[in-house]
Amino acid sequence: MAECGGSGSGSSGDSLDKSITLPPDEIFRNLENAKRFAIDIGGSLTKLAYYSTVQHKVARVRSFDHSDKDTEQDHEPPYEISVQEEVTARLHFVKFENTYIEACLDFIKDHLVNTETKVIQATGGGAYKFKDLIEEKLQLKVDKEDVMTCLIKGCNFVLKNIPHEAFVYQKGSNPEFRFQTNHPSVFPYLLVSIGSGVSIVKVETEDRFEWIGGSSIGGGTFWGLGALLTKTKKFDELLHLASRGQHTNVDMLVQDIYGGAHQTLGLSGNLIASSFGKSATADTEFSKEDMAKSLLHMISNDIGQLACLYARLHCLDRVYFGGFFIRGHPVTMRTITYSINFFSKGEVQALFLRHEGYLGAIGAFLKGAEQDNPNQYSWEENYAGSSGLMSSSPELCPTQRPRSGTFDLLEMDRLERPLVNLPLLLDPSSYVPDTVDLTDDALARKYWLTCFEEALDGVVKRAVASQPGSVDAAERAEKFRQKYWNKLQTLRHQPFAYGTLTVRSLLDTREHCLNEFNFPDPYSKVKQKDNGVALKCFQRVIHSLDALGWEERQLALVKGLLAGNVFDWGAKAVSDVLESDPQFGFEEAKRKLQERPWLVDSYSKWLQRLKVHGAVPASVLCPRGPGRVHGWGGGAGPRGAPRAPRSVPLSPPPRATSMSWHPCSKPDFGRTAMRSLASGQRSFGLAVLEEAGAAPVPPVPAGPSSPRPAVGSGVWRCLERLDAPVPN
């Protein structure tokens, strides 16, 4: 089905603008390495997809065997770091107005260098209209794909690979966007695609789906009737009118008929009894805004009720809405959500997608790449090259350039290993790895964004210092600074841009921006030195803990954790101490801890749980620096930041020491534990951590072939098993 809508300088794609300027480093990136293309052309927007290979630097760690050496006297580094060039696969998706399709095709033709493909997969109503133009410009044969098949494939792909892809919209709540944790199994679900009309599809597996219904009353109806009522020809202008309108001036409500609520039927007075009901008897003219709002409510309510009835009929509780009638427009999403909730009595959930506009293009690309079996890999969104979900506020809009219209971008990188759900979790579908939702907590969001902004100068200096032999390191570091700063400003205004905003996602965004400019790990040498010192202290710390009684040892371990978190480059006061006294370390930090009770103090409950449930696998974090602690072993740095907490690699992470890797659990000691991450220093204390509410965790055997899932915060830490008996 063709999409509805048009937001450019014309109401259709008949008048093509050839005067735009498209910088390849911002819009069509890495075209010189493009290998395969797909295109989805709707009634007003074109989505282009292509695959490319990207070369970037990667820091690799090779560990040494220290088992036969005296670690306290050994002066060799604990592991070796080498920077290697690596080629990875990347998917690019670019969305633009049909008005500019000819200019974009010319640009692609001029910059296409190494492609070997002879075919471009195409879907959408415009694939027929622009077939000859595409073949003439790109010299590629157009292979048309079924629209619905592409939509389903695209929807399955984003639900599987993009965390927080789906969200619930709740107007008036804070935040309005409530992102859903990816369910281990996305099937079955209902997909409601709202283009010119409405198609309702039941999706049961990756390859099995069924069209079960639809309606001719959809986006085209809103556009057509809206044009007749308001004389406005542009779809986005209609939406803008609706956002300013008051539908109660046009619609007849229950209270207009009964003088209030209808008690017998349980209908509140402010429900719409008749759309446009007042227009038959009113003597005054209605405003364009009020008529557009009433029309939008009428069609959205109808679609919501229809979707709800089909969902109930097929015993489904999840309904995903897509198509450019939605467009992230608050009034549309709110009305559909209200309709679904009202008619299902809260049993069916209306869900919207961050990347709804790309489903067809993604599906068409996957159809053309089936011989490469892209579904055997896991992919992640590259925040450095993606626009993110845009706000509906007029002052906040997607990337714009003079005379270039609106462009929206999505990039996805292929991961080295496929990801699987963590088998140790009681319920992966309800597990939330992040302690603080910055989308929800405005005060915490301001605090953390400021923290990352203030740390940016230090990261830039470290990035330059990490590559002393590079003549362009300073220039690349400045480009990183600008890109990451811009991302942080976007997140200040649109915290929902990349899903739920957390400290971990801020770290991921910074990592992606650093990788973009070939800085794989600015802190690798610092950590190598600190970890070497940490290993020398490790045995001494372990022996001192072993000498303590069981209960005394637990308190010592927790104090070690707190001391490690106090010892924090992210905290300015501590940073000033470290600059003036480089020898200040772990033991000094422990001595400066305040006595219990602490600000967040659940130690007694935790200790009691240990006594009741017996010994559990425990994590001991190695001392870092001169008596300091470091929680990462070898994988730290931007590429070693917490990744995919609900999904884990099928093989263990690289080892930096001879100790075993083991799942670590999530502590609940507030924000201090993470602040050091903001400045690139990951400082943690010596501690035992246990997952609150998790199932009993069996011992995980050490060995290079054992998978090491990440529990809790998703951070890999170097662990030792404590087998001391627990007193009765």
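Is E381 buried or exposed? Buried, at 4% relative accessibility. Buried here means under 20% relative accessible area; exposed means over 50%, and partly exposed is in between, using a 1.4 Å probe and protein chains only.

A word on the model before I go on. It is predicted: local features need pLDDT of at least 70, side-chain atom pairs count only at pLDDT 80 or more, and totals for chains, interfaces and linings use all residues. Residues are numbered from 1 along each chain as its sequence is written, and side-chain values use heavy atoms, with hydrogens and water left out.

Back to E381, and to salt bridges. A salt bridge is a side-chain nitrogen of Lys or Arg within 4 Å of a carboxyl oxygen of Asp or Glu. That rule gives 27 salt bridges. E381 makes one with R354, with the closest N and O atoms 2.8 Å apart. R354 sits in the loop between β14 (349-353) and α10 (359-368), and E381 sits in strand β15 (residues 379-381), so the pair ties together parts 27 residues apart in sequence. Helices (H or I, at least four residues) and strands (E, at least two) are DSSP runs, numbered from the N terminus. R354 is buried too, at 7% relative accessibility.

Next, K202 and E204. Their side chains meet in a salt bridge at 3.9 Å, N to O. K202 is buried, with a relative accessible area of 16%. E204 is partly exposed, at 28%.

Then R596 and D601. This salt bridge is 2.9 Å, N to O. R596 is partly exposed, at 36% relative accessible area. D601 is partly exposed as well, at 26%. There is also a network: R29, R90, E411, D413 and E516 are joined by salt bridges that share partners.

Now the aromatics. A pair of aromatic rings is described by the distance of the centres and the angle of the planes. Rings of Phe, Tyr and Trp (its six-membered ring) pair if their centres lie within 6.5 Å; planes under 30 degrees apart are stacked, over 60 edge-to-face, and the rest tilted. The whole structure holds 24 aromatic pairs. One of them is Y189 with Y320: centres 5.1 Å apart, planes at 90°, so edge-to-face. Y189 is in strand β8 (residues 189-194) and Y320 in strand β13 (residues 318-322), so the pair links parts 131 residues apart in sequence. Y189 is buried, at 0% relative accessible area. Y320 is buried at 5%.

W448 and F452 make a tilted pair, 6.4 Å centre to centre, with 50° between the planes. They are 4 residues apart in helix α11 (residues 442-465), which means about one helical turn separates them. Both W448 and F452 are buried. And there is a cluster: F167, Y169, F177, F179, F321, F352 and F496 form one aromatic group.

Charges over rings come next. The cut-off is NZ of Lys or CZ of Arg within 6 Å of the ring centre and within 35 degrees of the ring normal. K95 lies over the face of Y358, 5.1 Å from the ring centre. The charged end of R476 sits over the ring of F519, at 4.6 Å from its centre.

Last stop, G126. It is in helix α2 (residues 126-129). G126 is buried, with a relative accessible area of 6%. What does G126 contact, leaving aside neighbours within four places in sequence? I41 and G42, where contact means heavy atoms within 4.5 Å. G126 and I41 are 85 residues apart along the chain, with their C-alpha atoms separated by 4.6 Å.
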